[in-house]
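Subject: Structure handover

Dear colleague,

I am passing on the structure we spoke about. Please look it over alongside the notes that come after it.

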Amino acid sequence: MLKLEDVHKWFGSLHVLKGISMTVSRGEVVVVIGRSGSGKSTILRCINGLEPIQQGRIMVDGEVVDAHSRHVRKIREEVGFVFQSFNLFPYYTALDNVSLALKIVKKMPPAEARSIAEEMLARVGLSDKLDAYPDRLSGGQQQRVAIARALAMNPKLMLFDEVTSALDPELVGEVLKVMQDLAEAGMTMVVVTHEMGFARHVADRVLFIHEGQIAEEGPTEQIFTMPQNENLRTFIQSIL
Amino acid sequence: MPELFVAFSYKDILFLLQAALVTIAMCAMAFSCGMPVALVIGLIRTARRFPALRWVGWTYVEIFRGTPLLMQIFIAFFGLSILGLELPRFVAVSIPLILYTGAYMGEIVRAGVEAVPRGQWEAGSSLGMSYRQLMGYVVAPVAVRIMIPPSVGFLVQLVKGTSLAYVVGYVELTRAGYIISQSTYATMLVFTLVGVIYFGINYPLSLASQRLEARLKRHA
């Protein structure tokens with residue numbers, strides 16, 4: 001489903017990704033952990049071409065991701081991305097946020113786009129907020145609209161970039177719940193998060209990124225109960 | 001005092017009002033033709049991937065902002081006729097106003113587009129939107145709201161700027177005031193009236209923009 005081969009990324013002279021190789025199979029939930037600045041968010045941003053890579057190869061469902069080509073738009077339609085800061089369109093209602101890309105990118109008739117958007121908002125528990133503008137929604141609700149917006153495109157793969165980090169603690173649960181439901185429904189997901197509880201319960205596999213490299217990876221239980229890497233051990237201790 | 005105004009009649013007021021219409025027409029012309037120029041200039045100034053285009057936009061803006069409008073009107077008016085282009089006066093005066101509008105509004109467009117948070121672009125692109133779709137559906141709704149106050153500021157400046165067309169003998173509001181004051185000697189009265197008329201054009205613009213701003217501010 002997703003394959004990274006020796007991916008390198010520089011920001012100017014800063015070498016942020018130093019040869020990342022990983023694969024994610026269909027239906028798998030992979031959680032990426034690591035300290036701030038380790039490069040974990042950059043990996044996600046490279047996967048859907050928001051950031052170009054300088055070396056290596058990224059493949060989504062057999063297609064090469066090239067941030068500079070027009071084709072990357074086709075790939076992005078199939079890869080949902082949820083941001084830390086929600087990034088809802090402020091002058092569109094929840095419903096329009098979700099249906100906009102269906103109408104203009106997928107060229108769906110408005111009625112069809114609307115019914116899909118309603119269905120997606122129902123799925124994230126926001127059927128009563130269809131006509132609300134983002135400024136009238138809580139952070140947790142906004143993030144759920146953002147998830148619905150990505151889901152509406154019927155993606156093969158969902159990327160979550162620290163989606164609960166900007167939320168008040170009491171709102172984190174509702175977003176994680178939606179993500180857990182999604183995982184249980186068989187969605188392929190790559191999740192960058194600091195929520196270790198979520199990682200333990202939902203992830204099939206965990207990747208620990210340290211200084212732009214995968215320092216350790218393995219099944220979730222193994223990572224948390226028997227970490228091998230020294231950095232991972234101190235990281236887990238510092239978080240738990 | 002009264003004998004000073006003897007020659008001043010309602011006909012003169014009509015003449016001034018007529019000239020005010022000319023001023024408004026010039027503004028409308030400059031603004032409606034200048035906006036497409038401004039859009040092009042503003043957008044190429046934000047084109048990250050085309051440095052050459054960005055440079056063209058930058059040069060254009062710097063030239064038209066860095067020189068007096070009066071000089072631009074002179075050059076356009078007399079320069080065009082030296083080149084053998086005999087254009088109607090209205091057009092000859094409008095050309096520098098259009099280019100001037102293009103430069104100032106171009107900067108407003110650029111600033112508006114650049115003020116749209118990066119996350120908005122990224123959210124749109126991650127949904128597979130093209131540059132055009134991003135601009136039209138995601139960036140524009142945010143940018144236009146940011147652009148309203150400086151645009152009205154510019155429009156007010158433009159209304160006053162059209163008065164410079166009097167130097168080439170074009171009869172707009174200021175020139176009309178000059179003509180009447182020459183024949184009636186009621187200089188103070190005439191130019192006070194001219195000022196009131198300019199204010200009468202600009203003040204509703206400001207009011208309209210305040211209303212529009214308040215209306216569009218909802219959900220921000």
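The notes below take the interface, then the salt bridges, the cysteines and some loop residues.

This is a predicted model, in which local features need pLDDT of at least 70 and side-chain atom pairs count only at pLDDT 80 or more, while totals for chains, interfaces and linings use all residues. Residues are numbered from 1 along each chain as its sequence is written, chains are lettered from A and ligands numbered from 1 in the order in which they are written, and side-chain values use heavy atoms, with hydrogens and water left out.

Interface between the chains

On the chain B side 22 residues are in contact with 26 residues of chain A, contact being heavy atoms within 4.5 Å. The two chains bury about 2100 Å² between them, and carbon and sulfur atoms give 62% of that area. Buried area here is the accessible area (1.4 Å probe) that two parts lose on being put together, summed over both. Within chain B, the residues that lose the most area to chain A are Ser126(B), Leu127(B) and His219(B), which together make up 32% of what that side buries.

The count of salt bridges between chain B and chain A is 1. A salt bridge is a side-chain nitrogen of Lys or Arg within 4 Å of a carboxyl oxygen of Asp or Glu. Arg45(A) pairs in this way with Glu122(B), with 2.6 Å between the closest N and O atoms. There are also 5 residue pairs in polar contact between chain B and chain A, both residues being at pLDDT 80 or more. A polar contact is a pair of N or O atoms within 3.5 Å; within protein, one must be able to donate a hydrogen and the other to accept it, and residues adjacent in sequence count only if both atoms are side-chain atoms.

The most comes from α5(B), with 7 residues. Helices (H or I, at least four residues) and strands (E, at least two) are DSSP runs, numbered from the N terminus. By class, this side of chain B has 9 nonpolar, 9 polar and 4 charged residues.

Salt bridges

Over all chains the structure holds 23 salt bridges. In chain A, Arg57(A) forms one with Glu5(A), the closest N and O atoms being 3.2 Å apart. This pair links distant parts of the chain, since Arg57(A) is in strand β4 (residues 55-60) and Glu5(A) in strand β1 (residues 2-11), 52 residues apart. Lys156(A) forms a salt bridge with Asp61(A) at 2.6 Å between the closest N and O atoms. Lys156(A) is in the loop between α5 (139-152) and β7 of chain A and Asp61(A) in the loop between β4 and β5 (63-64), so the pair ties together parts 95 residues apart in sequence.

Lys74(A) and Glu77(A) form a salt bridge with closest N and O atoms 3.1 Å apart. Both residues lie in helix α2 (residues 72-78) of chain A, 3 residues apart, about one turn of the helix. Lys74(A) is partly exposed at 47% relative accessibility, whereas Glu77(A) is buried at 10%. Buried means under 20% relative accessible area, exposed over 50%, and partly exposed in between (1.4 Å probe, protein chains only).

In chain B, a network of salt bridges links Arg45(B), Glu62(B), Arg65(B), Glu107(B), Arg110(B) and Glu114(B).

Cysteines

The structure holds 0 disulfides over all chains, a disulfide being a pair of cysteine sulfur atoms within 2.5 Å. The sulfur of Cys27(B) has its closest cysteine sulfur in Cys33(B), 12 Å away, too far for a bond. Cys27(B) is buried at 8% relative accessible area, and Cys33(B) is partly exposed at 32%.

Loop residues

Asn87(A) has a positive phi of about 55° although it is not a glycine. Asn87(A) sits in the loop between β6 (79-82) and α3 (94-104) of chain A.

Thr193(A), in the loop between β8 (188-192) and α7 (196-202) of chain A, is buried at 4% relative accessible area. A polar atom of the Thr193(A) side chain lies 2.9 Å from the backbone nitrogen of Glu195(A).

Regards

Notes: Nonpolar A, V, L, I, M, F, W, Y, C, P; charged D, E, K, R; others polar.
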